[in-house]
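Please keep the sequence and the structure in view while going through the numbered points.

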Amino acid sequence: MAIWLTRSRNVTCHLNINLGLLRILTQSYGRSSLTTSATGRNVRIPPHVGLLNLAALFSFQRFESVKAEKQHDSEDHGDEKQALDFPGGRVTFTSHLRFISESPEKRIHCYRVLDDNGQTIIGSNFQKVSKEIAVKMYSHMVTLQIMDTIFYEAQRQGRISFYLTTIGEEAINIASAAALTLDDIIFPQYREPGVLLWRGFTLQEFANQCFGNKSDYGKGRQMPIHYGSNKLNYFTVSSTIGTQLPQAVGAAYSLKMDKKNACAVTYFGDGGTSEGDFHAAMNFAAVMEAPVVFICRNNGWAISTPTSEQFRSDGVVVKGQAYGIRSIRVDGNDTLAVYSAVHAAREMAISEHRPILVEALTYRVGHHSTSDDSTKYRSLNEIEHWKMARDPVARYKKWVEKKGWWTDDDEAVLRSNVRKEILQAIQVAEKVEKPPLMDLFTDVYDSPPPNLCEQERLLRETIKKHPKDYPLDVPV
Ligand SMILES: Cc1ncc(C[n+]2csc(CCOP(=O)(O)OP(=O)(O)O)c2C)c(N)n1
Ligand SMILES: [Mg+2]
């Protein structure tokens, strides 16, 4: 957690220094000023540009210069008769000195089924859902929202140490989970508790983990939100970004060797794609033909880093093709589109023994976590726009209502029941005893090595010396 805080502070500090520098430049150059952009070009800053607009202008210029140098691919299929036999197939020759363009003229399409008003787009091709599944998806999206709101409040009240919400990403969580079977193995990042909820993790189990009590499967050794369940085929969340990706590929490969009718599914953010583990996993999966579905939640931000500073490619979807992986871009706030895309991806992964990449476009509506204040680096307008105009839950609700499958009464009953259930779960979790101190040192080694024994001895001595600095509710 400390690392997350330090990092976001550093970025803000860096931004402030840059803005300060620009202010000095505009002041000292009077009516319009000349400065040097990040790409080394001279940029003239008009006098009417305010401080905040300057930052936008600065990044705009960076993109302009990249665009100016862009070279578009023309129809050059080479000389069909002149070719090189090369591993992987024939490569035709060309006498044109041409580099492949760094980006296509048009961005890759985004698959969607529901329009902004929750109406099915005429002619759209999607996986049909039964009334039962459709209503279950909606109820779970609402449950996830309420759970997030209450746990977030519990953290603000100091009852739990940390929390992180999934607000804005309910459709990706729930609809992708609904398109899978329990035999599929999940390797999550940390913003996918809805997948676990869909699989049957109870609100009490969520509360036990967040409170780190004796009933938590991790025995209170992890920060809140690091859920995991053996029973539900859901690997425990690990804070270290990207580690789950190669693990998922390994698991997928073993499922294939065992001829199982299942795949591995791994979730990650846009920020996660900058990790070496992402690239290693993609290549490994392609080469080993592992039945794994990679689901990238491209939510625009990695703590305070916007995607414009994360990559220069057309998002994440294009990276699939570079590795030889079939890929799709989907509207992550469209429940039916996510459901259909993941359903199809799963089918292909298992029946054709191949990895599939799904890039879901969405937005992280909440702060990164309770250790973050995102208004320091993004505008309230941007957040409000996604919260109000693009809410995946409201959009999907319109669809289930239009189908005649959901009413205001259903909504009122659901909200009241879920609220009660969560408050009850929190009260119970708070009262359950904490795991004993000893549990900190168990479950890794059959017999603990000397350095662990030494650490345990030191800890016990320190607790004896400074009892007030240690929680009284942890049995020593
Ligand atoms: C290897 C590693 N580097 C850095 C961090 C600090 N960190 C925690 S979350 C995060 C941002 C991840 O962003 P993204 O993958 O887009 O997921 P999101 O939070 O947007 O869902 C970072 C940099 C970490 N936990 N692990
Ligand atoms: Mg992100």
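**Notes on the predicted model**

1. The shell around ligand 1 receives residues from both domain 1 (2–64) and domain 2 (131–431), so the ligand lies between these two domains. It should be kept in mind throughout that this is a predicted model.

2. The ligand is surrounded by 19 residues, and the closest of them are Ile241, Gly269, Gly271, Gly272 and Ala302. Two or more residues of the shell are supplied by each of the elements α1 (2–29), β6 (264–269) and β8 (301–302). Helix α1 gives the largest share, 3 residues. Sorted by class, the shell around ligand 1 holds 7 nonpolar, 7 polar and 5 charged residues.

3. Attention may now turn to the sheet. Strands of a sheet pair through backbone hydrogen bonds, in either a parallel or an antiparallel manner. Here, 5 strands make up an open sheet with parallel pairing, in the order β5-β6-β7-β11-β10. Strands β5 (185–187) and β10 (326–331) are at the edges; each has a single partner strand, and therefore one side of each has no neighbour in the sheet. On average, neighbouring strands of this sheet are turned by 20 degrees against each other, direction ignored.

4. Within the sheet, strand β7 (residues 292–298) and strand β11 (residues 356–361) run parallel and are joined by 6 bridges. Isoleucine 295, for example, has valine 358 in β11 as its bridge partner. Helix α10 (residues 335–351) packs on the sheet, where it touches β7, β10 and β11, and its direction makes about 170 degrees with that of β11.

5. Leaving aside residues up to four places away in sequence, leucine 357 touches Phe294, Val317, Gly320, Ile325 and Ser327.

6. Most residues other than glycine have a negative phi. Asparagine 233, in the loop between α6 (203–211) and α7 (244–257), has a positive phi of about 55 degrees. Asparagine 233 is partly exposed, with 19 other C-beta atoms within 10 Å.

7. Aspartate 443 lies in the loop between α13 (408–431) and α14 (450–465). Its phi is positive, near 80 degrees. With 9 other C-beta atoms within 10 Å, aspartate 443 is exposed.

Technical notes:
Residues are numbered from 1 along each chain as its sequence is written. Chains are lettered from A and ligands numbered from 1 in the order in which they are written. This is a predicted model: local features need pLDDT of at least 70, side-chain atom pairs count only at pLDDT 80 or more; totals for chains, interfaces and linings use all residues. Two strands pair if DSSP finds at least two bridges between them. Helices (H or I, at least four residues) and strands (E, at least two) are DSSP runs, numbered from the N terminus. Axes are lines fitted to C-alpha atoms, for helices over the stretch in contact, and angles run from 0 to 180 degrees between N-to-C directions. Two residues are in contact if their C-beta atoms, placed from the backbone, lie within 7 Å. A residue is near a molecule or strand if its C-beta atom, placed from the backbone, lies within 6 Å of it. Ala, Val, Leu, Ile, Met, Phe, Trp, Tyr, Cys and Pro count as nonpolar, Asp, Glu, Lys and Arg as charged, and the others, Gly among them, as polar. Domain bounds come from an automatic or database domain assignment. A residue is buried if 20 or more other C-beta atoms lie within 10 Å of its own, exposed if 12 or fewer, and partly exposed in between; C-beta atoms are placed from the backbone.
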